[in-house]
Amino acid sequence: MKNLFITFEGIDGCGKSTQAKILHEKLSEIDSTTLLTEEPGGTQGANEIRKLLLRENNFSWSVETEVLLFMAARNDHVEKKIKPALEKGYTVICDRFIDSTLVYQGMRSDLARKLCLSLYHLIGREPNLTFLIDMKPQKALDRALSRKNKEDRFENYGVPFQIKLRDTFLRLAEETPKRIIVIEGDNDKNQIANDVFSHVQKYIINKISN
Ligand code: TYD
């Protein structure tokens, strides 16, 4: 199956980056035209915007401005990397995508959510599959903070923020059951990887037989 677009989502420290990497390795064994990328970032321009967003500043952006910056970074990423790869028939795996903006920014203001939805078409096309790696917020946050660098200031908002993030991600998954698959993130790493892989296989078999 060609031009499959798969994204991974979840709260900070849920293990989604590890799972995106494992899925990339597994799919690359079958087909070399598989690309792993990440947000915020993925291109030089998007990485510059990432720095604006995640660097510790002595000022803060409004949540609406954050939406515009995340969407600008995403637009560059889609234009220069994701869309061309999909057009060449690659399978693209992206660590975080539009759902992160809908949740991280959208849950903080109605206007931010509306702004994100009004720019939704910039993503070009929706992912075929999105894996939401669901995990208890305290455990995920402990893990995220243990590898803390100068970035990731969303981790600094504490457990209540992560609880709200998790609930908002789960609600989004309920509203979008065809695309978003919730995966139990407390399981062993290999078990999670097998769950993810079997969902991808199921999706491909379904597509081929329909
Ligand atoms: P990321 O580098 O993916 O961190 P992690 O590996 O911990 O998931 O993302 C950095 C932070 O940016 C993370 O806290 C989530 C946040 N973020 C948003 O708030 N909105 C967005 O649209 C995206 C893509 C990320």
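Student: What does the side chain of Arg179 make a polar contact with?

Tutor: In this predicted model, the Arg179 side chain makes a polar contact with the side chain of Thr130, at 2.7 Å. Arg179 also has a contact of this kind with the side chain of Asp99, at 2.9 Å.

Student: Where does Arg179 lie?

Tutor: Look for the loop between α7 (159-175) and β5 (180-184); Arg179 lies there.

Student: Now pockets. How do I read one?

Tutor: The general idea is to roll a probe the size of a water molecule over the atoms and see where empty space is left. Take the second largest pocket, with a volume of about 290 Å³. Arg179 turns up again in its lining, and the other lining residues include Asn128, Leu129, Pro177, His199 and Tyr203.

Student: Which helix gives the largest share of that lining?

Tutor: That is helix α8 (residues 189-209), with five residues. By class, the lining of this pocket has four nonpolar, four polar and four charged residues.

Student: Let's turn to the ligand. Which residues come nearest?

Tutor: There are 18 residues around the ligand, and Asp12, Lys16, Arg96, Thr101 and Gln105 come nearest. Next, check the distances from polar side-chain atoms to ligand oxygens. For Asp12, a polar side-chain atom lies 2.6 Å from an oxygen atom of the ligand. For Thr101, the distance from a polar side-chain atom to a ligand oxygen is 2.5 Å. Arg50 has a side-chain N or O atom 2.9 Å from an oxygen atom of the ligand.

Student: How much of the ligand's accessible area does the protein cover?

Tutor: On its own the ligand has 540 Å² of accessible area, and the protein covers 95% of that. The largest share, four residues, comes from α4.

Student: How do the residues of that shell divide by class?

Tutor: Five are nonpolar, four polar and nine charged.

Definitions and conventions. Residues are numbered from 1 along each chain as its sequence is written. This is a predicted model: local features need pLDDT of at least 70, side-chain atom pairs count only at pLDDT 80 or more; totals for chains, interfaces and linings use all residues. Side-chain values use heavy atoms; hydrogens and water are left out. On a 1 Å grid over the protein atoms alone, a cavity is a set of points where a 1.4 Å probe fits but cannot get out, and a pocket is an open set with protein on both sides within 12 Å along at least five of seven lines; lining residues have an atom within 4 Å of a point. Grid points are joined across faces, edges and corners, and a volume is the space filled by probe spheres set on the points. Helices (H or I, at least four residues) and strands (E, at least two) are DSSP runs, numbered from the N terminus. Ala, Val, Leu, Ile, Met, Phe, Trp, Tyr, Cys and Pro count as nonpolar, Asp, Glu, Lys and Arg as charged, and the others, Gly among them, as polar. A residue is near a molecule or strand if one of its heavy atoms lies within 4 Å of it. A polar contact is a pair of N or O atoms within 3.5 Å; within protein, one must be able to donate a hydrogen and the other to accept it, and residues adjacent in sequence count only if both atoms are side-chain atoms. Accessible areas come from the Shrake-Rupley method with a 1.4 Å probe; for residues, only the protein chains shown count as cover.
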